Amino acid sequence: MLQLSIQRVRNLKALRPAIFALRSSHFSTAAEPSSKQGSPPSVPNLIGGSFVKSQSSASIDVINPATQEVVSQVPLTTNEEFKAAVSAAKQAFQSWRHTPVTARQRVMFKLQELIRRDIDKLALNITTEQGKTLKDAHGDVFRGLEVVEHACGTATLQMGEYVSNVGSYYSALDICCTTMTKL
């Protein structure tokens with residue numbers, strides 16, 4: 001039992017440099033403590049495929065439960081911003097509804113690739129913002145990845161003998177991939 005405890009401590013010491021390296025990088029809403037940066041970063045809205053700074057003066061603080069420091073602020077979106085986001089989504093749906101199932105599948109494959117690439121960063125954000133252990137956070141990201149993988153396979157399962165809009169596949173794929181690279 002003692003040997004097991006000693007081994008766990010050694011494993012944690014081996015992980016320490018990786019954890020601190022991830023902590024110092026900037027991504028998502030997690031940030032360095034507010035005392036080092038002045039004010040914490042504000043999370044922008046995503047409207048029509050572009051990140052837009054909110055005009056709202058009110059916001060909600062995202063607090064690191066371990067340190068009680070504000071790591072970011074989420075603005076309380078204004079009615080105008082909300083309406084703009086809904087309008088942009090309605091406009092995007094008009095082209096998306098005609099997008100071939102194979103092009104939609106490619107978008108999900110790209111999402112899968114991005115999650116795999118940034119799994120450690122995503123897990124660290126969950127730990128920073130929600131207070132979960134890093135191992136639990138990795139499990140959460142992995143479960144989300146499983147959902148995306150399932151969605152990737154659903155497109156093929158929905159195909160029958162006839163697949164509509166396949167002829168416009170490549171132009172729709174270019175549009176979708178261009179949008180995904182902006183994110």
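Analyst: Two residues are in contact when heavy atoms of theirs lie within 4.5 Å. By that rule Leu 145 touches Gln 112, Ile 115 and Arg 116, leaving out residues up to four places away in sequence. A word on the source: this is a predicted model, where local features need pLDDT of at least 70, side-chain atom pairs count only at pLDDT 80 or more, and totals for chains, interfaces and linings use all residues. Residues are numbered from 1 along each chain as its sequence is written, and side-chain values use heavy atoms, with hydrogens and water left out.

User: What makes up the protein, read along the sequence?

Analyst: The pattern is α-α-β-β-β-β-α-α-α-α-α, with 7 helices and 4 strands in the protein. Among contacts between residues at least 6 apart in sequence, 62% join residues at least 24 apart.

User: Why is Gln 112 called buried?

Analyst: Its relative accessible area is 16%, so Gln 112 counts as buried (buried is under 20%, exposed over 50%, partly exposed in between, with a 1.4 Å probe and protein chains only). Gln 112 sits in helix 4, residues 101-117. Setting aside neighbours within four places in sequence, its contacts are Leu 145, Val 148, Glu 149 and Cys 152. Its C-alpha atom is 9.6 Å from that of Val 147, which is 35 residues away along the chain.

User: Which residues make the largest nonpolar core, and what makes it a core?

Analyst: A nonpolar core is a set of buried Ala, Val, Leu, Ile, Met, Phe, Trp, Tyr and Cys residues joined through side-chain atoms within 4.5 Å. Here the largest has 8 residues: Ile 115, Ala 123, Ile 126, Ala 137, Val 141, Leu 145, Val 148 and Cys 152. Helix 5 and helix 6 (134-158) are the elements that give two or more residues to this core, and helix 6 gives the most, with 5 residues.

User: How do you know that the length of helix 5 agrees with what it should span?

Analyst: The expected span is 1.5 Å times one less than the number of residues. For the 12 residues of helix 5 (119-130) that should be 16 Å, and the end C-alpha atoms are 16 Å apart, so the two agree. Its buried residues are Ala 123, Leu 124, Asn 125, Ile 126, Thr 127 and Thr 128. Just after helix 5, Gly 131 takes a positive phi of about 85°.

User: Why is the pair Lys 110 and Glu 113 called a salt bridge?

Analyst: The term needs a side-chain nitrogen of Lys or Arg within 4 Å of a carboxyl oxygen of Asp or Glu. For Lys 110 and Glu 113 the closest N and O atoms are 3.7 Å apart, so the pair meets the cut-off. These residues are 3 apart in helix 4, about one helical turn. Lys 110 is partly exposed at 22% relative accessible area, and Glu 113 is partly exposed at 46%. A search of the whole structure finds 5 salt bridges.

User: Asp 118 and Arg 117 meet in a salt bridge too; which one is buried and which one exposed?

Analyst: Asp 118 is buried, with a relative accessible area of 18%, while Arg 117 is at 59% and counts as exposed. Their N to O distance is 2.8 Å.

User: What joins Asp 140 and Arg 143?

Analyst: A salt bridge between their side chains, 2.4 Å from N to O. They are 3 residues apart in helix 6, again about one helical turn. Asp 140 is partly exposed at 21%, and so is Arg 143 at 47%. Salt bridges that share partners join Lys 132, Asp 140 and Arg 143 into one network.
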